[in-house]
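Please read it beside the sequence and the model.

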Amino acid sequence: MAILTANKLSRVYGGKRSVPTWALRDASLTVNEGEFIGVMGPSGSGKTTLLNLLAAIDTPTSGTVEIDGVDISTLSDRDLAIFRRRKLGFVFQDYNLLHTLSIQENIVLPLVLDRVSPAAIQSRLSEVAHQLGIQYILEKRVFQVSGGEQQRAAIARAIIHRPALILADEPTGNLDSKSSAGVMKALRDLSDRWGATILMVTHDAFAASFCERILFIRDGRIHSQIHRLGSRESFYEDILSSLRAQGGDGLDASQDKHQ
Amino acid sequence: MTLRRISISNVKGMGRKYAAFFASSVLAVLVFYLLASFVMHPDVVNGYVSQAERVRQGLLISQYIIVIFTFFFVLYSSSAFIRARKKEFGLLTLLGATKAQMSRMIVTEHILIGLSGVAVGLGLGVPLSKLMLNAMSKMLGVTSPIRFIVVIPAVLWTSGLFLLLFVFIGTITTLQISPRKVVRLLREHQRPKVFPRYSRWVAILSLLLIGGGCGTAWFVDGRTLVPAMLPVTAVVSLGTFLFFAQASVGILMYLKKKTTFLYRNLNLLTISDLIFRMKENARVLAAVAVLSACVITATGTIYTAEATFLQDVARAHPQALTFAARGETAPETIASRVREILREDSIEVTEEIVLEGLVTPSQAENGTLLIPETNFNKWAESSGAQRLSLEENEAAYLVPMVGEPNGETVPMEVVYGGETYTINTRTWPFPRTNYLSSMNRLMVVDDTLFESLAKGAADGDLAVFAGYEFDNWRDSLDAIKRIRSLLEAEHLLGLRSRVESYEGRKQMTALTAMIGLFVTVLFFIASGSMLYFRLFSEIEEDREKYGIMEKLGVSRHDIGTVVSRQLLVFFFAPIAVGSVHCGFAMKSLSNVLRMMHWPFLGVFRFALAAIAGFSVIQVVYFLAARRAYIREVFREAAA
Ligand SMILES: Nc1ncnc2c1ncn2[C@@H]1O[C@H](COP(=O)(O)OP(=O)(O)OP(=O)(O)O)[C@@H](O)[C@H]1O
Ligand SMILES: [Mg+2]
């Protein structure tokens, strides 16, 4: 069943005084409940733009986004807030942690906003912290931890409330293969155990191999996709060969380290 | 964990940014309580302290000013904070915070700051109010000092008012965030900076406006001051804004073009950044410049007024004591009693004139005082004035003016003892009669006429009219009181003394000066804080920028130098411009006071004192801001 539908989404930046940039052109996609989807494409191809539109962070120049059959542009402020708080988890490419709060406070923010009881918050916190291997930095301030640790904290914040839909922008961009595997397993777990729907942007074929379907995006258009049929390892090979077929665009320099 | 806890963490995490805001709020609370503790003091309210009423009025007005001031100050600071935190609110929105939740968070933060500000302000204010009450008692000259107590109504008013203020402003501030514009909120900090547009014509216009306004101020005089004041202020304010928005950019762009200058030292880094900083902060800088010009001018004017006050008193009272009385006692006896009283208080009389005269009922309320010519000339001689020589059947009206007598005479009728005398009268300028003439008309008649009038006079119509001068007149208040009660038995016609009028006005000027000082200091501190906030509201971007510079090999020391230079311009350009404006305003003032012999420099020196005071505060702010800013910029770069 479709949880998310995008119809002919376009987003044009600039205009009037500067030359307009078509960051996204007529992108349409349907995401079924519980699907784990990867989005790949060269830098500047419009991946972040697509994610922003799906999360209602940004408004499309044209086209609509429907979640559970409801056009999100028609939601009231309150319903939009409730949707974001209960159903959505978003991981930014540049983390966006609040510097005034500790790592722990950053992570629990969605639960606090939803007035979850302190005991429940605590158990959820230790669970995700353990999954992502960041128990030892919880008390620290944002500027006291490394980029990879910040990234994992941002992921923890996006999944702590077990959202039904997770939109992640290069969640493993700054991680070594071990941490990266930890993150991917946590996402996989969310999808398998809780039926979460995940849409993840990545440049890393290894991370992408955890997905069930990969969308390839170029110049603002979704131009092809591949499905996972067999094992993760064979899917990894499929992804690499697709990328090669597209001329190596979007290939991560680190692709070979996982082989 | 609750939202409230998060709010508290947030305030703690932004400690440095909040520091100046907090300190200024504490100061406002403190000053407000000090004034309120006097205004609402039971002794004052119940009227146990004489003369406190007028003072109360003055203090009430300054309290209103403080509240209005604090309102705008807190409003401005809060919106500066919110702007700096757009990203945070964008993120919270994305995490599903409702507008109500964020509003509650902002209001909680304001309450936290308000509560602690009130607590600290009162904590300091209560002990300090003891000093304040002592000072007030001294200034008002009350015999027993006003009791030191914690004035409960003042505490309640202060805390109630300021908490309300913070909650109200917190609520207003929440209007700045909209849940629909997440992207804009998130990108606020990385919004591409457009290079400032600059128009040479607007820059020239700004200089013309300022020049025109100041030129007008230079030539204004007592007659044109009032109609010119508002338009000139408006024109100069507009000019100043355009100056900071355009001309400053123009100057910097010009400097940028001169490569010999640009590539020397660290000028490239300093100037290219400063262009943005000036343009973005033009409104604040112009506001500080214009307001500081106003405040410095007001301070200068108050102190000039205080300084001219002694002159005014001396002019209004050419003699330290003058009186007129009529009764049975002989003038010599009265004079010797007065001298005795003065001697008791060891007051050295340097000039004494005792004149006999005759009171005739006439148009003037207390009758006309007739003085024989010989008596008058004695007085005139002793005070170095021109002698009078009258023809027969001639008289002179003494008028309290400086000038040359003219020879014209007018026949006037004097009625006394049932008879009417027609006398040729002329006016005779004689400044020393200054005050008495307002209650008695003074007429000098020739000796023979006086004699014939006095012969048949009733005892009660004979009057004594005396003037004294003494050097230590400031100590004569007590003696004057005793003289007054002595003369009251003698049917006192009138008594005026320099010391009484001096004392009466001394309180008012001292008070005005004190209130002026309060408000001025408060303003300077507030404006310093505003600049400080502006600086810190951009620190996220600056941190990134300086981090990059450091990676490119610019040493921390050099970055420090660049920052210092920029801050120097930022903090001192407004005072410099404000001082120039003030100079012209002071010129206007000295034009108006010219008849009172106040040259430009004499007037300007008070403004200079205010400028010096402002500069000191600004230096403190500059140093504090630089230290905190550099530390904050490098804090993350180090991690
Ligand atoms: N705020 C903006 N204003 C103007 N153009 C923008 C803006 N944001 C993105 N663009 C442009 O839109 C295009 C798509 O950007 P987007 O951030 O979606 O790329 P991306 O696929 O996420 O790239 P990357 O892999 O590097 O993150 C780019 O050409 C970019 O330059
Ligand atoms: Mg991107």
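The points below are grouped by topic.

This is a predicted model, in which local features need pLDDT of at least 70, side-chain atom pairs count only at pLDDT 80 or more, and totals for chains, interfaces and linings use all residues. Residues are numbered from 1 along each chain as its sequence is written, chains are lettered from A and ligands numbered from 1 in the order in which they are written, and side-chain values use heavy atoms, with hydrogens and water left out.

**Chain B overall**

- Chain B has 21 helices and nine strands (DSSP runs numbered from the N terminus: helices are H or I with at least four residues, strands E with at least two).
- Of the 639 residues in chain B, 51% are buried (under 20% relative accessible area; exposed is over 50% and partly exposed in between, with a 1.4 Å probe and protein chains only).
- Among contacts in chain B with a separation of 6 or more, 83% are between residues 24 or more positions apart (contact means heavy atoms within 4.5 Å).
- Chain B has an accessible surface of about 29,300 Å², and carbon and sulfur atoms hold 63% of this area (Shrake-Rupley method, 1.4 Å probe; for residues, only the protein chains shown count as cover).

**Aromatic pairs**

- Over all chains there are nine aromatic pairs (rings of Phe, Tyr and Trp, the last by its six-membered ring, with centres within 6.5 Å; planes under 30 degrees apart are stacked, over 60 edge-to-face, the rest tilted).
- Trp473(B) and Tyr502(B) pair edge-to-face, at 5.4 Å centre to centre with 90° between the planes.
- Trp473(B) is in the loop between strand S8 (462-470) and helix H17 (477-488) of chain B, and Tyr502(B) is in helix H18 (residues 498-537), so this pair ties together parts 29 residues apart in sequence.
- Both Trp473(B) and Tyr502(B) are buried.
- Phe571(B) and Phe622(B) are edge-to-face because their ring centres are 6.4 Å apart and their planes at 70°.
- Phe571(B) belongs to helix H20 (residues 556-592) and Phe622(B) to helix H21 (residues 600-638) of chain B, 51 residues apart.
- Phe571(B) is buried at 0% relative accessible area, and Phe622(B) is buried at 8%.
- Ring pairs join Phe570(B), Phe571(B), Phe572(B) and Phe622(B) in a cluster.

**Charges over rings**

- Arg162(A) sits over the face of Trp194(A), 3.9 Å from the ring centre (NZ of Lys or CZ of Arg within 6 Å of the ring centre and within 35 degrees of the ring normal).
- Arg498(B) lies over the face of Trp473(B), at 5.2 Å from the ring centre.

**Surface of helix H4**

- Ile65(B) lies in helix H4 (residues 52-84) of chain B and is partly exposed, with a relative accessible area of 37%.
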